[in-house]
Amino acid sequence: MTNAEIRDVILNILEGITPDDDLTTLKDDAPFREQLELDSMDFLDIVMEIRKRYRVQVPEEDYEQLASMASTVAYLEPMMKDLEKV
Amino acid sequence: MISTAREVERIVITGIGLTSPNGNTLREYREALLAGRSGVSDYEIRYVGKTLAGVCDYDALKYQKRKEVRRGTRAGSVGIYCAHEAIADAGIDWENVDRGQVGVYIGVTEHGNVETENEVYSLKGYDYDISFWSHHHNPRTVANNPAGEITLSLGITGPHYCIGAACAAGNAGVIQGAQMLQLGECDLALAGGVSESIHTFGIFASFKSQGALATHDDPSRASRPFDTDRNGIVVAEGGCIYTMERLSDAKARGAKIYGELVGHAMNSDATDFVLPNPDRQEQCVRKALGRAGLAPEQIDIVSTHATGTGLGDIQECEALRRVFGGSQRTRINNTKSYIGHAMGAAGVLELSGNLPAFEDGVCHPTINVDRLDPECELPGLVIGEPREMKKVEYILNNSFGMLGINSVVIIKRV
């Protein structure tokens, strides 16, 4: 998966988790929490969806890496670059 | 000490919010009942396959964001819809209500089965690795979930909990609300019951194994209490929540009053897990009448619990025959024949279907009785066509459940 594809995956996951938010204006470098109505349960949903779709485990100590789109993609790149997008 | 509603604070119903398989407002629901319109339809659910159910089509997004629907449960969503509708119907100035003095008391037959089944089903796809088990499972399945979701939606900071009372739960929620108002635990009660039961395959499968799941080629004719050819229960979802207030408070704000809770009773059979006991049912009805200070001849309408099972219907009719057999005045009907068995919502939903009789003077009929079972014959049973009545003063509502739980409420026209 390219970084753009990883971004698409995260965007698709976010669409499911926060269906009332407009994601077209999402700024990649700004924290999700400043732009979207996300709470801790929602972040766990992101982790769970990544796990379910790609069997990629994000350990709890790394959750802070998922703060923004840019940091999420950068964090996931080494784990997902060799995976096919589903 | 609380002995009767009349000796302490009088409690009244001032608003009604509901969703039924045949209506999403009291008006729609009442029109369907007077027109003989069923809400039962074809339905399919995992493992069970094709079956029948009472399905609601209320607009969940009227009071919830899509995210809230996703986060919560169907029972919570039904509760939120009904609670908002009840408050709007009551004409309460919600923005200026002390939310800490609002109590939420919601009857449920069961809760958590839907979410647990869904999670186990999903987990199978991950070879039962529990790292794929949802973190939403606990907040969705705690027994207070539907009531709690209502408090979250409305910013209510008073007490909330659910009353687990099998199929007597709707009445039990109403009784609990009244008692908490009398105790001063709250100034406004949101009380009633909800059902999400059509979303759990287990309830269908269990009734099927018990030989108590209704089947019929025509869904609208499947739920047929008192009919000789009845063959079981049609499971339904739904909800009904009342705003309940002390009469003095309701009068002070000039509220519309649907009726006053003048009598109620609950008791237990202590005889069997599933088979009802007409002796205890009779006692429960007489206890409610006694607390209301009423004779059977004073009750205008009896809203029965009968679900369409072979023995259950006969048992209730036996209990009612003993109490109301000599009453010339009393008319008896059954609302499950239209909507199926809405479980935790059934009692309060069926009562609500009858409350407009205080205004229109009509007893809606039991439908789908083509051949009345001789063992279900009752004087005053209204079948097929609505029955015009001179004036309706008192409605008595039965609601019974598994493990031998019985409940009766009596509502007086105000």
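**Exercise 1. Explain why the largest pocket lies between domain 1 and domain 2 of chain B.**

Solution. Domain 1 (4–252) and domain 2 (264–412) of chain B both give residues to the lining of the largest pocket, so the pocket lies between them. The domain bounds come from an automatic or database domain assignment. This is a predicted model, in which local features need pLDDT of at least 70 and side-chain atom pairs count only at pLDDT 80 or more, while totals for chains, interfaces and linings use all residues. Residues are numbered from 1 along each chain as its sequence is written, chains are lettered from A and ligands numbered from 1 in the order written, and side-chain values use heavy atoms, without hydrogens and water.

**Exercise 2. Find which strands stand at the edges of the ten-stranded open sheet of chain B.**

Solution. Step one: read the strand order, 5-4-6-7-1-8-14-13-9-10, with mixed pairing. Strands (E, at least two residues) are DSSP runs, numbered from the N terminus, and two strands pair if DSSP finds at least two bridges between them. Step two: pick the strands that pair on one side only, which are strand 5 (160–164) and strand 10 (331–333) of chain B.

**Exercise 3. Describe how strand 4 of chain B is joined to strand 5 of chain B.**

Solution. Step one: strand 4 (residues 102–108) of chain B runs parallel to strand 5 of chain B. Step two: five bridges join the two strands. Step three: V108(B) stands opposite G164(B) in strand 5 of chain B.

Key: Helices (H or I, at least four residues) and strands (E, at least two) are DSSP runs, numbered from the N terminus.
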